[in-house]
Amino acid sequence: MARLTTTLLMATALVATAACSKKRPDVLPPAPGGAPEAPPSTGATDPNGGITPGSAADFKRSAQSDTVLFGLDMYDIDGTARGILDSQAAWLTRYPNVRITVEGHADERGTREYNLALGDRRANAAKNYLVARGIAPGRITTISYGKERPVALGSDEESWAQNRRAVTVVVG
Amino acid sequence: MRIRLCGTSALGFGPVTSSSAVTSPGVVPEGSTPADAGVQLGDVSRGSRGPSHLDPGVRRGGSEGRLSSRAAARASLTALLASALTLLATPAAAQLVPPAGTPAAPAPAQQPGAAPAGQTPPPLEVDVTGGISAPMPIAIPPMPTQSVVQTPAGPTDRLGRQLSEIVANDLRNSGLFNPLASGATRAIAFPEVTAPAYDYWGGSGAQALVQGYIRANGDGTLTVGCYLYDVSARTELTRQGFVVPPSDWRRAAHKCADMVYTRLTGEGAYFDSRVVYVSETGPKANRIKRLAIMDQDGANSRFLTAGSSIVLTPRFAPNQQSIVYMSYVGRTPAIYIYELGSGRQRLVVQNVATTFAPRFSPDGRYILFSMAQAGNTDLYRVSAAGGTPQRLTNAPGIDTGGSYSPDGSRIVFESDRSGGQQIYVMNADGSNQQRISFGGGRYATPVWSPRGDLIAFTKIQGAFRIGIMSPSGSGEKLLTNSWQDEGPSWSPNGRVLMFFRQGRGNAGKADLWSVDLTGVNERRVPTPLDGSDPAWGPLRP
């Protein structure tokens, strides 16, 4: 039942996200619980909701969020980010064979090369926190995308806040 | 007649002293060639030694013995420079101005109608600032051909019209010249090329006159002759001839425009040069980025990579045979070298850490770059052939955006060690690091001018603006004022900057722009798609 509820919630979130991308609302969802991606459609009838334990989809369902946000030109892990990373660490502890990549991103208000370095800082800040929570550093790689891959496309505070981020991606 | 570039001497770029900077109007001294005015990047002495530095057959060898006696003899035979751009650089091909069968060319100093001694008008002088508000009127009629011949580049009569348009476009884009509208210039007959109708051109308002011709040669090459006249003094100022394969026909026009520009301004040439940049297309969240290369004026743009991986910050090798850039191909974003001849790409530094912000040293032997490790970014250099990088900075914080001084002895870079991005200079070995930017806001992407006198940068104060300052940090001047102008790159003569301008919001796109050191002459550089990260290459040989 709990899983069904989750699935329903995700479906609702998906509808909301789809609507968002068309309407470009002024206020976007808060950082925790970042927009989930579409679950595999093949799993519609799977008793697990189509999600394999230890998979990327399971990670996205289990952790509070795959994304932590940062202040302008900052890379410190704040209270909200700690909660998210704690939930990621808990999941990673459960699946010790899973490896992850932490992607660091910056908003468009920095120059290109500096933002590559800043994204690296953010990815490593998240990585270091996970390592401090007991995740083996060998399981975590980092990559910086600088300002090359924004998720929010506006040139406004709301968009910039969403783009200053570190995203944890399960790689297998 | 020359345009005096003043009003900027506080920043150290006054007129270039050279043998062609004659102050007596309209008379080209015997033996003087426009090549004498050409400041060659990083090798001024070569530029002052004669015309052979333009001879690719001599330079391409890459050795120090690039001044051949053949070239010297050629220069002494005539007072004109015959620069063979062709790969088939034969001695005969280099002496084709004026060609046999063209109007008899009198010696330059014996032009019919030349003003008699004692009645010479005062030299024309236009400073840069005045040049912007009142650029020198110049007539550039279509270049005639004696016989229309079909070539792989098109029929020679059409090429003649296109050549004059390219020359006019180059000169107009410099901001210092005002070419007469093509409707205001009459077609000239072939014999007129060396015998200008001074009375007519004097009535047109033009102060200078560029005439030329085009001829298809029996060996498949094209010859373009280019002549510059002082209309009021009624004299020839200089001439050059170019032999090019049809595929390089536009270069002949750029060389002609460079001849006019250097002769009238005393500045170094820059029109015959190329730009590498990142061609952009697609949605903002998932831009497709491809390496691209084009001529300085936006012509001949072509892609070098397919766009399956993000590519950033391409920069020319000094010999223009390769490009260093950053790519997301492979496991870790890293620096690669793209060989223009073969299309081959190779990883520069074998490392698990991200490497980026590459730039060649002026001698081409090293690549300066940044490496991010565990959240800390420092500057390194590595042999262009590969090997173990040498660390140059080790401050906590982000040190990136390194660029060599033209003599290779110093490096300018940005660092946020003080809290925000600021500009620093240091010796090439990493010693003596000193901050030079102290204005409000942050400073990024410093690039040392090929003349050594200035550093261009991006200033971040909410908006991004392109600016310049001296290598000591004095004389800061902002040149642009838009929402986001980033990443300046110097023209070969150090008088123009190309950068990219990012638009706001979801639909915001990046375009290439240029601005000269006055900040007045700002122009969009045309590209087939959107463009960013331009890097101007050296003058072509």
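**Chat notes on a predicted two-chain model**

Q: Which residues does Gln390(B) touch, leaving out those up to four places away in sequence?
A: Gln390(B) touches Tyr380(B) and Arg381(B), with residues up to four places away not counted. This is a predicted model.

Q: Where does Gln390(B) lie, in terms of strands?
A: Gln390(B) is in strand E19 of chain B, residues 390-391.

Q: What separates the C-alpha atoms of Gln390(B) and Gly430(B)?
A: 9.9 Å, for two residues that are 40 apart along the chain.

Q: Moving on to confidence. What is the mean pLDDT of each chain?
A: Chain A has a mean of 81, with 72% of its residues at 70 or more. Chain B averages 81, and 75% of its residues score at least 70.

Q: And what does the predictor give for the complex?
A: An ipTM of 0.79 and a pTM of 0.79.

Q: Where does pLDDT stay under 50?
A: In chain A, over residues 1-45, for which the model has 42 contacts beyond four places in sequence. In chain B, over residues 5-118, with 224 such contacts. Where pLDDT is low, predicted coordinates should not be read in detail.

Q: How many helices and strands in chain B?
A: 7 helices and 32 strands. Of the 541 residues in chain B, 54% are buried. Among contacts in chain B between residues at least 6 apart in sequence, 52% join residues at least 24 apart.

Q: How many residues does each chain put into the contact between A and B?
A: Chain B puts in 28 residues and chain A 20 residues. On the chain B side, strands E12 (311-316), E16 (354-360), E17 (366-373), E20 (399-404), E24 (442-448) and E28 (485-490) each supply at least two residues. E16(B) gives the most, with 3 residues.

Q: What is the makeup of that chain B side by class?
A: It has 10 nonpolar, 14 polar and 4 charged residues.

Q: E12 came up there. What is the phi of Thr313(B)?
A: Phi is positive, about 45°, although Thr313(B) is not a glycine. Thr313(B) lies in strand E12 of chain B. Most residues other than glycine have a negative phi.

Q: Is Thr313(B) buried or exposed?
A: Thr313(B) is buried, because it has 26 other C-beta atoms within 10 Å.

Q: Which loop holds Arg234(B)?
A: The loop between strand E7 (222-230) and strand E8 (235-244) of chain B. Phi of Arg234(B) is also positive, near 60°. Arg234(B) is buried, with 21 other C-beta atoms within 10 Å.

Q: E20 was in the contact too. What does E20(B) pair with?
A: E20(B) is joined to E21(B) by 4 bridges, and the two run antiparallel. Ser403(B) has Val412(B) as its bridge partner in E21(B). The hairpin of E20(B) and E21(B) has 5 residues between the strands, and Gly408(B) takes a positive phi near 75° there.

Q: And what joins E21(B) to E22(B)?
A: 6 bridges, again in an antiparallel run, with strand E22 covering residues 422-427. Val412(B) has Val425(B) as its bridge partner in E22(B). In the hairpin of E21(B) and E22(B), with 6 residues between the strands, Gly419(B) takes a positive phi near 125°.

Q: How many residues of E21 in chain B are buried?
A: 5 of its 6 residues, so strand E21 (residues 410-415) is mostly covered.

Q: In what order do the strands of the E24 sheet run?
A: E24-E25-E26-E27 in chain B, an open sheet with antiparallel pairing. E24 and E27 (477-478) stand at the edges with a single partner strand each, so one side of each has no neighbour in the sheet. E25 (residues 455-461) and E26 (residues 463-469) pair over 7 bridges.

Q: Last topic: which residues touch the most other members of the largest nonpolar core?
A: Val167(B), Ala208(B) and Ile455(B), in a core of 126 residues. Helix H7 (residues 249-265) of chain B gives the largest share, 9 residues. At least three residues come from each of domain 1 (9-28 + 80-265) and domain 2 (274-539) of chain B.

Q: What does Val167(B) touch?
A: Its contacts beyond four places in sequence are Ile140(B), Val210(B), Ala253(B), Cys256(B) and Ala257(B). Another core, of 25 residues, lies apart from the largest one and includes Phe59(A), Leu85(A), Ala123(A) and Ile140(A).

Conventions. Residues are numbered from 1 along each chain as its sequence is written. Chains are lettered from A and ligands numbered from 1 in the order in which they are written. This is a predicted model: local features need pLDDT of at least 70, side-chain atom pairs count only at pLDDT 80 or more; totals for chains, interfaces and linings use all residues. A residue is buried if 20 or more other C-beta atoms lie within 10 Å of its own, exposed if 12 or fewer, and partly exposed in between; C-beta atoms are placed from the backbone. Two residues are in contact if their C-beta atoms, placed from the backbone, lie within 7 Å. pLDDT is the predictor's confidence in each residue, from 0 to 100. Ala, Val, Leu, Ile, Met, Phe, Trp, Tyr, Cys and Pro count as nonpolar, Asp, Glu, Lys and Arg as charged, and the others, Gly among them, as polar. Two strands pair if DSSP finds at least two bridges between them. A nonpolar core is a set of buried Ala, Val, Leu, Ile, Met, Phe, Trp, Tyr and Cys residues joined through C-beta atoms within 7 Å. Domain bounds come from an automatic or database domain assignment.
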